[in-house]
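Biologist: I am new to this structure. Could we go through how its features are read?

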Amino acid sequence: MSSRSYNMERVSPFFAPNRILLGKGVAGQVGQEVRMLGGKKVLIVTDPGVVKVGLTAAIEEGLKAEGIPWGIYADVVPEPPARIIDEAAKIAREGNYDTVIGIGGGSSLDVAKGVAMMATHTGKALDYVGQNMFKERGLTKILIPTTAGTGSEATGVCVVTDEEENTKKSYYSHLLLPESALLDPLLTVSMPPSVTADTGMDALSHAVESFVSVNRTPHSEILSLEAIRLIAESMAVACLKGSELWARYNMLLASNLAGMAFTSGGLGASHGLAYPLGTEYHIPHGKSNAIMLPHVMRFNRVACPEQFAKIAVAMGQPIEGLPLYDAAEMACEAVEQLIETIGLSSRLPDYGVPDTDIPRLVECALKQSRFFVPNPRNLGEKEIRSIYEMAF
Ligand SMILES: [Fe+2]
């Protein structure tokens, strides 16, 4: 990547957590981290699955060792409705908690971020949906991912379901970035292959979409491309031989890099077209992206073939001597190959979605138009329909 291609006239923002600690066993240091940040009482926000497999144990031990009292809210559900944030924020306010530790997958981390904010804001969580709606930093946030995909611990984004409108809504604010993110690969080892595959594809979508986004920045490009390289190198092993800690470590790092990349550089149409698969058919978020990503890439590749050629290289494809558009196509093929290797499908019929549902999908995707702004190619109703048709 030539640094000559950067636009010096444009002011490029970069957002990241205040502190990131990465390493085997680092979750055990959470007590010292709370102390260092001045916390006196902690609310752990998580889901029942994380508690059941014992992943909160290291956190509770760490808090106990430092003599820090804690409470636990473990009722987070996938595709979390906004009312969950209101419910847990009430507990945080009434219990005088000053620190929220989110531990789990993207849903738990997003809810934890929302709870930390709503504990100090009036009204309902849905009142603050949109760009920069929060007025203050909220409670201290420490985020500990147990999956390698959403990168939520590295983003100023939080996604909730508006149950009344049956659609996903997002919060965007640098205030949502945590004071501290603890990345411990040991916490991701128990992830079953299917969850590893789904969440890994979410990270790959973040990396690819931010790399071709029209809002990409010098920082985001560097992070996106390295995330793509790490994922291409490690995802198959993480899925097929999950006990390999190096692969778990690389995926956790990649997910984190991709999170920082998209919180600065934006996402694109793959996320926009994947969200309806979550709200309409309850297909997990990462799997929804695995379905849409190759088709959106193929649609987008003509708009910035040089970026796609770089993706192909990062994924180990031999592009020497190929015309640019053929090299760009290699990126799409590499992603398809990876999806097949990890046992996923990019065909909607494989998930029980009939082609008669295309109009319904198009209608839902049109509500996600915020994702089409940074997409390298414009999308209207016709283009959205054509991409969904590619998935049949
Ligand atoms: Fe995502």
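Modeller: We take the overall fold, then one residue.
Modeller: This is a predicted model, in which local features need pLDDT of at least 70 and side-chain atom pairs count only at pLDDT 80 or more, while totals for chains, interfaces and linings use all residues. Residues are numbered from 1 along each chain as its sequence is written, and side-chain values use heavy atoms, leaving out hydrogens and water.

Biologist: How many helices and strands does the protein have?
Modeller: Helices (H or I, at least four residues) and strands (E, at least two) are DSSP runs, numbered from the N terminus. Here there are 14 helices and nine strands.

Biologist: Why is the protein called as compact as a globular protein of its length?
Modeller: The radius of gyration is taken over C-alpha atoms, and the globule rule is 2.2 Å times the number of residues to the power 0.38. For 392 residues the rule gives 21 Å, and the protein is as compact as a globular protein of that length because its radius of gyration, 20 Å, is close to that. Its C-alpha atoms fill a box of roughly 65 × 45 × 45 Å along the principal axes.

Biologist: What percentage of the residues is buried?
Modeller: Buried means under 20% relative accessible area, exposed over 50%, and partly exposed in between (1.4 Å probe, protein chains only). Of the 392 residues, 59% are buried.

Biologist: Is Glu33 buried or exposed?
Modeller: Glu33 is buried, with a relative accessible area of 4%. Glu33 lies in helix 1, residues 30-36.

Biologist: Which residues does Glu33 contact, leaving aside neighbours within four places in sequence?
Modeller: Contact means heavy atoms within 4.5 Å. With those neighbours left aside, Glu33 touches Arg19, Leu21, Ile142, Ser180 and Leu182.
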